[in-house]
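Subject: Structure for you to look at

Hi there,

Here is the structure I promised to pass on. Please open it alongside this note, and I'll walk you through what turned up.

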Amino acid sequence: MANAMLLPVILSFLVLPFSAMALTQDFCVADLPRGDTPAGYPCKEHVSADDFYYSGLAAPGNTNNIFRTAITPASVSQFPGVNGLGISAARVDIAVGGVAPLHTHPAATELIFVTQGTIVAAFISSDSNTVYSKTLYKGDIMVFPQGLLHYQYNIGVTPAVLLVAFSGPNPGLQITLLALFANNIPSDVLPKLTFLDAVQIMKYKSMLNGTA
């Protein structure tokens with residue numbers, strides 16, 4: 001059953017544009033302790049089959065959080081075999097009423113495959129701020145172009161599960177709400193950036209553990 005669910009995601013990898021430069025060798029398994037560089041991780045000297053295998057997406061993520069959503073990545077940090085291959089994956093669990101809030105992946109295009117539940121998924125264009133939104137059911141896929149803001153939320157009566165393919169080994173993640181309110185941007189600056197009043201700003205900072 002698990003293999004059948006993963007097959008569409010594996011196939012989706014074949015159509016994603018690979019962002020990495022052409023390899024001059026078969027592979028370059030990441031040597032994680034040596035640290036990342038702008039060109040990726042250096043190659044591990046001794047590799048085994050385990051470097052090309054990852055089982056971390058089998059179990060549901062913990063959705064007991066403010067968004068009622070869990071993202072389980074299989075990027076280079078968890079799955080060093082994808083280093084240099086222009087590809088990675090993730091699992092997203094969205095509880096009933098949950099949301100994957102407005103966010104972006106700066107370094108990769110994203111393709112989602114719904115394996116369970118019903119969601120609304122959308123992205124926003126950068127040139128005209130047009131919203132491209134679709135209701136997705138089990139078996140549906142949707143693509144979000146690299147770097148564009150996008151979101152998903154569960155409109156069904158059961159938890160939703162998405163399997164995700166990225167066109168890069170380390171797609172990155174920036175959630176807009178956290179970028180604004182879960183940090184130390186001064187509270188007197190945020191009204192200028194958001195047009196929210198001080199009461200609203202302090203509410204969001206309190207909810208997201210930001211500092212004044």
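Strand β5 (residues 119-124) runs antiparallel to β6, and 6 bridges join the two. For the terms here, strands (E, at least two residues) and helices (H or I, at least four) are DSSP runs numbered from the N terminus, and two strands count as paired if DSSP finds at least two bridges between them. The hairpin of β5 and β6 has 6 residues between the strands, and Asn129 takes a positive phi near 55° there.

A word on the model before going further. It is a predicted one, so local features need pLDDT of at least 70 and side-chain atom pairs count only at pLDDT 80 or more, while totals for chains, interfaces and linings use all residues. Residues are numbered from 1 along each chain as its sequence is written, and side-chain values use heavy atoms, with hydrogens and water left out.

**The overall picture**

The chain has 4 helices and 10 strands. From the N terminus on, the order is α-β-β-β-β-β-β-β-β-β-β-α-α-α. Of the 212 residues in the chain, 40% are buried; buried means under 20% relative accessible area, exposed over 50%, and partly exposed in between (1.4 Å probe, protein chains only). Taking contacts (heavy atoms within 4.5 Å) between residues at least 6 apart in sequence, 68% join residues at least 24 apart.

**The sheet**

β5 and β6 belong to an open sheet of 5 strands, ordered β6-β5-β8-β3-β10 with antiparallel pairing. Its edge strands, β6 (131-136) and β10 (174-175), each pair on one side only. Further in, 3 bridges join β3 (residues 99-104) to β8 (residues 150-154), and these strands run antiparallel. Val99 stands opposite Tyr153 in β8. As a reminder, strands of a sheet pair through backbone hydrogen bonds, either parallel or antiparallel.

**The annotated site**

Which residues does the UniProt annotation "binding site" cover? They are His105 and Glu110, and the entry is unreviewed. UniProt positions are given in the numbering used here with feature names shortened, and annotations may be inferred rather than shown by experiment.

His105 lies in the loop between β3 and β4 (110-116), whereas Glu110 is found in strand β4. Are they buried or exposed? His105 is buried, at 7% relative accessible area, and Glu110 is buried too, at 4%. Their side chains make a polar contact at 3.0 Å. A polar contact here is a pair of N or O atoms within 3.5 Å; within protein, one must be able to donate a hydrogen and the other to accept it, and residues adjacent in sequence count only if both atoms are side-chain atoms.

Leaving aside neighbours within four places in sequence, His105 is in contact with residues including Glu110, Gln146, His150 and Phe166.

A polar atom of its side chain lies 2.6 Å from the backbone oxygen of Pro101. Beyond four places in sequence, the contacts of His103 include Glu110, His150, Gln152 and Leu173.

**The nonpolar cores**

A nonpolar core is a set of buried Ala, Val, Leu, Ile, Met, Phe, Trp, Tyr and Cys residues joined through side-chain atoms within 4.5 Å. In the largest one, which has 17 residues, those touching the most other members are Ile112, Ile119, Ala121, Leu136, Met142, Leu162 and Val164. At least two residues of this core come from each of β2 (88-94), β4, β5, β7 (141-144) and β9 (160-166), and β9 gives the most, with 4 residues. Apart from this core lies another of 9 residues, among them Tyr41, Leu57, Ala74 and Val76.

**One more residue**

Ile71 sits in strand β1 (residues 69-74) and is partly exposed, at 45% relative accessibility. Not counting residues up to four places away in sequence, Ile71 touches Arg91, Val92 and Leu173. Ile71 and Leu57 are 14 residues apart in sequence, with their C-alpha atoms 9.7 Å apart.
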